[in-house]
Amino acid sequence: MSKPVRVRFAPSPTGGLHLGGVRTVLYNYLFARKHGGKFILRIEDTDQSRFVPGAEQYILDCLKWCSIEPDESSVHGGDYGPYRQSERKASYRRYAEQLVSQGHAYYAFDTPEELEAMRTNFKSTENPSPQYGHGIRDQMKNSLTLGATETKALLDAGTPHVIRIKMPKDEPVGFTDMIRGAVNFNTSQSDDKVLLKADGMPTYHLAVVVDDYLMKITHAFRGEEWLNSAPVHLLLWKYLGWEEEMPEWAHLPLILGPDGAKLSKRHGSKYGFPIFAMNWTDMAKNDFTEGFKERGFLPEAFINLLAVLGWNDGTPQEIYSKEEMVQAFSMDHVHKGGAQFDFEKAKWYNHEWIKKTENQILVQRLIDFEPEHYANQDAGYLQQVVALVKDRCTLLSDFWQQSAFFFHAPETLDTDAIKPKWNDDKATFFDIVKEKLVVLEHWTATNIEATFKETATEKDLKVGELQLPFRIMLVGGKFGPGVFEIASVIGKKETEQRIITALEQLAN
RNA sequence: GGUCUGUUCGUCUAUCGGUUCAGGACCUUACUCUUUCGAAGUAAGAAGAUGGGUUCGAUUCCCAUACAGACUACCA
């Protein structure tokens, strides 16, 4: 029997949570649930200069909205905390120093200016970005070139320094990716990545390995953009003596924008669709990014469309509930290639979910979405309205436009639509039909329709030509569900009143 | 520049070497149905990047080319 599955999502609280991030969480979550394991949320806040206040809470809120909440996290707790890297700071240094004493890492004292100078000096057309690696480290200021005594002196003097991994020259490294199979590299290709920064914080490279080990992570999913740094992590697992404990890795394909490049905030503003799960405002940069939630997406639709962007279960099914996804999910059906995000299809998913969602739940979503419109309405009435209009709404924001006339009489009537064909016969018809409706015993759509049609026949008028005027009277415009159903929902009194108001307007 | 990864209709994808027009969905168009607008239904449109192999047989396996993307920070 294998170890219990433990997967983790490790966002950096430096900004919003974009589509790719949510999809990574989702796959983590689905995989954990599928295998009865734990889903852990770890906050990677080692870069204090980029840390954005509120971002951690934002991430938690997004996950809550999507109902993919972690089992262990900085708020839920667990056996392997703390789950914030800033709170684990003390533990990283000893691992870095262990590597130094083993000869797998070294102290480097180069100042930012010196590094900058190195990059410009060694820059050439063949090598536009020279790397601090086996070819260059001999010429830099580090414990390998300085010698033991000078290094110790600098260290004792408190000289700012970092610890870098010493990448071996020309050794093959490789691993088996859950999605891509065998992936091979050569150690010469990677530079001597900084493991511990001058402020004592670890970089991602050190932290991810140490934390994954200490938290007993069994499977690690991350974006394809990390593939190139895998050799560094591989070596770290090996050098720290934890090779046997190394998790299985899956590098998820990227989500691309309509232009085929990695999806970014830029795409959102350029093409007019959201990129983040929820609205996010970076106060420091005064930068606002729209969210799917506020755009009117249902969380069920949101995770559905993300799950299927790069994964399928081999069947033609497209609409999945979260439970169905857990059942069907499997890593071997995750696509290798990046997937372009198509907002049209995203809207289609939402539409399908609106149709599929029970009226009662939909009403609740609407109240949450636009309380100013729905919060003080009668729940039963809202459900009737929602049942009538849901088929014609793609986003939650469409509901008000489609249903406002259920809550108040139309402010303006599109009389231009009927005036050309309006005449006294029709005016008389509505007078009579109004009187008949007022005394109608059972106020139902079928009865209203029957009364309407009988009266039309009596008056020798075509029903079709009367329906549009009736619609304009009740709705104000040429849209909405069936007129008789509308009349039945808004009630006898309101129907009568709207006919009267409209007849007055048409008489002028 | 180097390294890594990828490539089936415009987009998301099915096909785990072998029947059938390479299937489904989004999208677009036409028609039908609602004598409103959605919706719905029907039909049509549209693909294996290129060139070599391997094989009785390749979209599927291998190689090359092309194209695309990612990475190349004391950011993650």
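Which residues does Leu26 touch, not counting residues up to four places away in sequence? In this predicted model, Leu26 touches Ile68, Ile303, Leu306 and Ala307, where two residues are taken to be in contact if their C-beta atoms, placed from the backbone, lie within 7 Å. Together with Leu206, Leu26 has the most contacts inside the largest nonpolar core, which has 121 residues. Such a core is a set of buried Ala, Val, Leu, Ile, Met, Phe, Trp, Tyr and Cys residues joined through C-beta atoms within 7 Å; a residue is buried if 20 or more other C-beta atoms lie within 10 Å of its own, exposed if 12 or fewer, and partly exposed in between, with C-beta atoms placed from the backbone. Helix α1 (residues 19–34) gives the most to this core, with nine residues; helices (H or I, at least four residues) and strands (E, at least two) are DSSP runs, numbered from the N terminus.

Residues are numbered from 1 along each chain as its sequence is written, while chains are lettered from A and ligands numbered from 1 in the order in which they are written. Because the model is predicted, local features need pLDDT of at least 70 and side-chain atom pairs count only at pLDDT 80 or more, whereas totals for chains, interfaces and linings use all residues. The mean pLDDT of chain A, the predictor's confidence in each residue from 0 to 100, is 94, and 100% of its residues reach 70 or more. For the complex, the predictor gives an ipTM of 0.94 and a pTM of 0.94.

RNA strand B is surrounded by 64 residues, of which Ser12, Gly337, Ala339, Gly464 and Lys478 are the closest; a residue is near the strand if its C-beta atom, placed from the backbone, lies within 6 Å of it. Two or more residues of this surface come from each of α4 (112–121), β6 (181–186), β13 (339–340), α13 (343–356) and α20 (463–475), and α20 gives the most, with four residues. Ala339 lies in strand β13 and counts as partly exposed because it has 16 C-beta neighbours inside 10 Å. Beyond residues up to four places away in sequence, Ala339 touches Pro253, Ile255, Leu256, Leu309 and Gly310.

Strands β1 (residues 6–9) and β2 pair in the parallel sense over four bridges, pairing being assigned if DSSP finds at least two bridges between two strands. The bridge partner of Phe9 in β2 is Leu41. From β2 (residues 38–41), Lys38 and Ile40 point one way and Phe39 and Leu41 the other, and all are buried. Strand β3 (residues 105–108) runs antiparallel to β4 and is joined to it by four bridges, with Ile163 in β4 as the bridge partner of Tyr107. On its part, β4 also pairs in the antiparallel sense with β7 (residues 194–196) over two bridges, and Arg164 stands opposite Val194 in β7. Val162 and Arg164 point one way from β4 (residues 162–165), Ile163 and Ile165 point the other way, and all are buried.

Helix α21 (residues 483–490) is largely enclosed by the rest of the structure, because seven of its eight residues are buried. The buried residues in α21 are Val483, Phe484, Ile486, Ala487, Ser488, Val489 and Ile490, and they pack against α16 (379–389), α19 (445–458), α20 and α22 (492–507). Just after α21, Gly491 takes a positive phi of about 100°.
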